[in-house]
Amino acid sequence: MFGQGGHAALALMSLLLLLWHDAAPIEVPQDLKQPPTIVKQSVKDYIVDPRDNIIIECEAKGNPVPTFSWRRNGKFFNIGKDPRVTMRKRSGTLEIGFRSGGRPEDYEGEYQCFASNDFGVALSNKILLRVSKAPLWPKEVLEPVVVTEGSPLVLLCNPPPGLPPPFTFWMNSAMTPIPQDKRVSMGLNGDLYFSNVLAKDAHTDYSCNARFLFTHTIQQKNPFTLKVLTKEPYNDTSYNTTDPYGGRKVAESTPTFLSPPGTESSKMVLRDEQLLLECIAAGLPTPTIKWFKKGGDLPGRKVKFENYNKTLKIINVSEEDAGEYVCMANNHLGSIRHSIFVQVKAAPYWLDKPTNLVLAPDENGRLVCRANGNPKPNIQWLINGQPVDSAPPSLSRQVLGDTIIFRSVQMGSSAVYQCNASNEHGYLLANAFVSVLDMPPRMLGLKNQLIKVIENNRTFLDCPFFGSPLPELRWFKNGQGSGLDGGQYRVYINGTLEIKRARSEDEGTYTCVANSILGTAENQVLLEVKERTRIVRVPEHQSAIRGSTARFDCVVKSDPSLPITVAWTKDDKPLYLGWRLKKDEESLNIPNVNEGDEGTYTCTVKSEIDQDSASARLTVLDRPDPPMDLDLSDPAARSVRLTWIPGNDHRSPITQFLVQFEEDRWEPGRWQNLSTYPGDLNSVILQLAPYVNYQFRVIAINSVGQSQPSRPSPRYKTSGAAPDAIPRGLRGWGSKKDNMEITWEPLLDLERNGPNLHYNVFWRRKDLGHEWNNVTTMGSKHVVQNTETYVPYEIKIQARNEFGQGPESNVVTGYSGEDKPTDAPTDLRVSKVNSTKSNIHWKPVDLNSIQGEFKEYRLYYWREASLVPGLMVNKEKKTKGFYSTVAEPSGILSDLVPYSKYKMFMVVANNRFESPPSNTVEFTTKEGVPDAPRFFRINRRSFDTIHLEWDKPLEPNGILIGYQLKYQTVNGSRIGRLQLEQFLPNVTDFTLRLPDRSTRYKFHLSALTQVGAGEVYAEESPHFTNEENFTDATGLGNGE
């Protein structure tokens, strides 16, 4: 958007427009008589391609239309006598054709165009026409160049002189550029410089090439053969950058300059051109070049170092760049300096270029021609192409050096004046006419223009006008007040009115009035000030996962009176909105994002007078590509190094690598996770198990997900070893009263460590000091027979294979099998019985009679009957366990149903068996409060009554004595006075009369026993939307 660069561009445009208005001269309308003006011409130094026709341009305007003539080499060029030369109609442009023969070189020379009409003659620059040349390289036989290793060398190029000069470069016979560096590089003259020669420089094909720009041809010099003499044999395999001489002894040398030679040189450069200074030094080791300027710093903004610091380049040279430049070459043996004295000269350049002058009769004026240069240029005035000194004298004209003063000019004295400023480095030529006219004011622009501008912007209202004498121009707003100038307004000499900051109150009709002694002219401009078009919610940079949907916002606020268009571009190219990409008024949606959607999206909103834009980048994220080129190295007995090349992360950094393995002995074809590693690693040591034939693959993981697995690595087989692992889950337990089963979890396949895996199992009676019994088995269970009932054993285990025995496990305690308990609990009784719970008591058994692990005293109890006449009950047995080893155990039995008869008995239990039952006990629970009514229905049977129905509870928990109904009116958050109704146990309905139709109630219904009110059923009367259907009801039940 403009807030991100667009507004700056508008501001720059406005400033440029302001400068144009400030400097633009008054233009003479083309329908008025006026001298010629040159509007187009060829460049002064004009090089042409000999294969094309030659076109020398010269265009001019004037009234009457100018006629054209040419001089060649200072003499009249008779175009009509040369059939190859034609002049374009209504133009002075020459075209020289060679279809019928002739040589372009015959037309080389200096050309100047003259444009003439009744009021004067305008001149073009002197155009030096030259034909481009690409001469052949002179044939020469080049002897082999022989040089001692470590010595400096210059291979000369001497390209043929072309026009323009050719571009030179060095290649070998394979058309590959000669490698250049700090030691070997090409100088500005095209020669190839070696600061010191290495044995590896010996080649037979050093060739200098010249490329000629106009003909697009490349010419090649015969190649040099370079032979390098070494004191010891050279083997190119021994070369390396730290020891380029391969261990051979080569004499070192202090720096010397190859170019320029000596300690001083000089250089002349013209102002505004490019300065190139060069220092190339010989020496071993290769010298380093540094640059300084005496008496000051190098011009940092304009200076650039090239060719490995050997070339200093300064662009757009100015007079301050003159002085002494010093280059220093040094290596560890010493340093040398060379001073280059730079002179800056200047071809002429304008300080004050003469411009056209329009005067009325008897007016005064002047033409000024000021130029500077080094040396200072000579100023010469011409009139209509002739030196002003040789023109007939005029009382109204006075030449004073670089100025011509005109006094009281008269009709008929119009002419074109030329100013020629020249020195030894070039010249400037300017045409400026003096036109004497007698013309009342006139408006040149469109009448009654409507101008729309943006609020708070600098605004220009144009009012082009003309008149001679020059009219005075004033601006008025809405036809009122004095002229507009000063403060918020500024009027320029060309008639333009500037409003420095347009506001809504600046809207209106502006009138410009041009006035002179010859009359008045006026024009109007209607100004409308509009609100700026801007994007108020800009698109934001975002990252989207491939396949998801991306959305860019672009919410616009603009002046309601200005139609706008919204367009989207991607990477500065129009965005095709097809079946997939959709835009609406405020956003762009990109569903099913793919990599091709990545880029910078720009929303541009335009009105007829302004625009705004905003950009955001879409980054498409995807799963990584799989890693590549898996390699195994550093093999060891239980480890190996795995190295891989990460794949493309698709703009989401890889956070983790997952290494998987597959082995071909136990589960061939099944890939298993081995380990994970940080995403910045690509070489890891894998810890491995013995006796496994591995292969590996790697999966890359980023924020989007996992890559596909890499291709598998080569297989890597580890050697066998004794087991490291101890079997897990070791336990001993009896499946019969006279045995003990010893079981364990077998080792995992990758824990075997070798073939022929077995288990050594050990056991003995605990605390008796017996020797260990043992057995070796391949399975995961061993049964010890003929044991006593439920006695403790110590157990341990170890794994073994062909390579040896593994570590022993810790000793664990197991037990042989259990038998039925022989004794039953006695004297079972109850106490403190209420409606829902009871205390129970019993006498314990001897723990030795349990013949196993004491689990619990297990109470069996059931509801035998309800004391409510006619109520059926569920007699299913329930159990509850009590763990107690005290002499007089007791417990609490809860969750009983009130007003019921219960029976119960107790057994003692070990892990497998129960004892015979105790005595059976019968008891009854006391009466309690009822459950909630089974259902509660609310019916509306007329406009003014509500009928209530309910049913008795499923569990009355005693003898029902009635029902209790509490109710109160409700109106939103307000509730009325609570009212109470009580009913006999055989009443299960109630009709309530309503005070009005809209009254609603909240009801609370509960059943009653002698103990009290039971669980409440609460409900509100519903809204009855259809009052004609009085059978509508709320049927709310509890357990139906």
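Thr-1009, leaving aside its neighbours within four places in sequence, is in contact (heavy atoms within 4.5 Å) with Glu-927, Gly-928, Val-929, Pro-930, Pro-956, Gly-958, Ile-959, Leu-960 and Ile-961. This is a predicted model, in which local features need pLDDT of at least 70 and side-chain atom pairs count only at pLDDT 80 or more, while totals for chains, interfaces and linings use all residues. Residues are numbered from 1 along each chain as its sequence is written, and side-chain values use heavy atoms, with hydrogens and water left out.

Thr-1009 lies in the loop between E85 and E86, where strands (E, at least two residues) and helices (H or I, at least four) are DSSP runs numbered from the N terminus. With a relative accessible area of 3%, Thr-1009 is buried; buried means under 20% relative accessible area, exposed over 50%, and partly exposed in between, with a 1.4 Å probe and protein chains only. The side chain of Thr-1009 also reaches the backbone oxygen of Gly-928 at 2.9 Å.

Glu-1015 has its place in the loop between strand E85 (1000-1008) and strand E86 (1017-1020), and at 48% relative accessibility Glu-1015 counts as partly exposed. Neighbours within four places in sequence aside, Glu-1015 is in contact with Pro-930, Asp-931, Ala-932, Pro-933, Leu-1005 and Ser-1006. From Tyr-349, Glu-1015 is separated by 666 residues in sequence and by 111 Å in space, C-alpha to C-alpha.

Ala-346 is found in strand E28 (residues 334-352) and counts as buried at 1% relative accessibility. Not counting residues up to four places away in sequence, Ala-346 touches Leu-270, Arg-271, Glu-319, Gly-373, Asn-374, Asn-423 and His-425. Between Ala-346 and Ser-318 there are 28 residues in sequence and 8.8 Å in space, C-alpha to C-alpha.

Salt bridges, each a side-chain nitrogen of Lys or Arg within 4 Å of a carboxyl oxygen of Asp or Glu, come to a count of 51. Some of these pairs are set out here.

| Asp-45 | Arg-130 | 3.0 Å |

The salt bridge between Asp-45 and Arg-130 links distant parts of the chain, with Asp-45 in strand E2 and Arg-130 in strand E11, 85 residues apart. Asp-45 is partly exposed at a relative accessible area of 43%, and Arg-130 counts as partly exposed at 27%. Elsewhere, Glu-595, Glu-598, Arg-617 and Arg-651 are linked in a network of salt bridges.

How values were computed
Polar contact = N/O pair within 3.5 Å; in protein donor to acceptor, adjacent residues only side chain to side chain.
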